[in-house]
Amino acid sequence: MTATPKGPASYFPSIEKKYGRPITEWKDLIRSSPLTKHMELVTWLKTEHGLGHGHANALVAHTLAEDAGK
């Protein structure tokens with residue numbers, strides 16, 4: 001049995017289903033953006049890519065946390 005994702009990753013299945021892109025693609029998009037601040041990236045995903053606030057926030061939080069751990 002696999003563990004249920006917690007935190008931002010718990011949004012990933014619904015993000016993929018609703019927007020039709022894999023999470024890796026969203027993360028690559030975030031990483032390629034010239035923006036670096038959390039809320040700037042969230043706003044950008046909402047305005048330029050039509051994501052809802054919760055989905056954009058989850059993607060940005062998870063991506064920035066991953067990058068900080070490298």
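## Helix packing and salt bridges

In this predicted model, Glu25 has a relative accessibility of 36% and therefore counts as partly exposed, since that class lies between the limits of under 20% for buried and over 50% for exposed. The side chain of Glu25 forms a salt bridge with that of Arg21, at 2.7 Å from N to O. Arg21 is likewise assigned to the partly exposed class, because its relative accessibility is 27%.

**Packing of α1 and α2**

Two packed helices are described by the angle between their axes and the distance between the axes. Helix α1 comprises residues 12–19 and helix α2 residues 23–32; their axes come within 9 Å and cross at roughly 90°. The two helices α1 and α2 are therefore roughly perpendicular to each other, as angles of 65 to 115 degrees are placed in that class. On the α1 side, the contact involves Phe12, Ile15, Glu16 and Tyr19, which meet Ile23, Trp26 and Lys27 of α2. Sorted by class, this contact has 5 nonpolar residues, 2 charged residues and no polar ones.

Side chains of opposite charge can pair when their charged atoms come close. In this model the count of salt bridges is 4. Lys27, which takes part in the contact of α1 with α2, also has a salt bridge to Glu66, at 2.9 Å from N to O.

Because Arg31 lies in helix α2 and Glu66 in helix α4, the pair ties together parts that are 35 residues apart in sequence. Lys27, Arg31, Glu66 and Asp67 are linked in a network of salt bridges.

| Salt bridge | Distance, N to O |
|---|---|
| Arg21 and Glu25 | 2.7 Å |
| Lys27 and Glu66 | 2.9 Å |

**Accessibility within the network**

Conventions
Residues are numbered from 1 along each chain as its sequence is written. This is a predicted model: local features need pLDDT of at least 70, side-chain atom pairs count only at pLDDT 80 or more; totals for chains, interfaces and linings use all residues. Side-chain values use heavy atoms; hydrogens and water are left out. Axes are lines fitted to C-alpha atoms, for helices over the stretch in contact, and angles run from 0 to 180 degrees between N-to-C directions. Helices (H or I, at least four residues) and strands (E, at least two) are DSSP runs, numbered from the N terminus. Angles under 35 degrees count as roughly parallel, over 145 as roughly antiparallel, 65 to 115 as roughly perpendicular and the rest as oblique. Contact means heavy atoms within 4.5 Å. Ala, Val, Leu, Ile, Met, Phe, Trp, Tyr, Cys and Pro count as nonpolar, Asp, Glu, Lys and Arg as charged, and the others, Gly among them, as polar. Buried means under 20% relative accessible area, exposed over 50%, partly exposed in between (1.4 Å probe, protein chains only).
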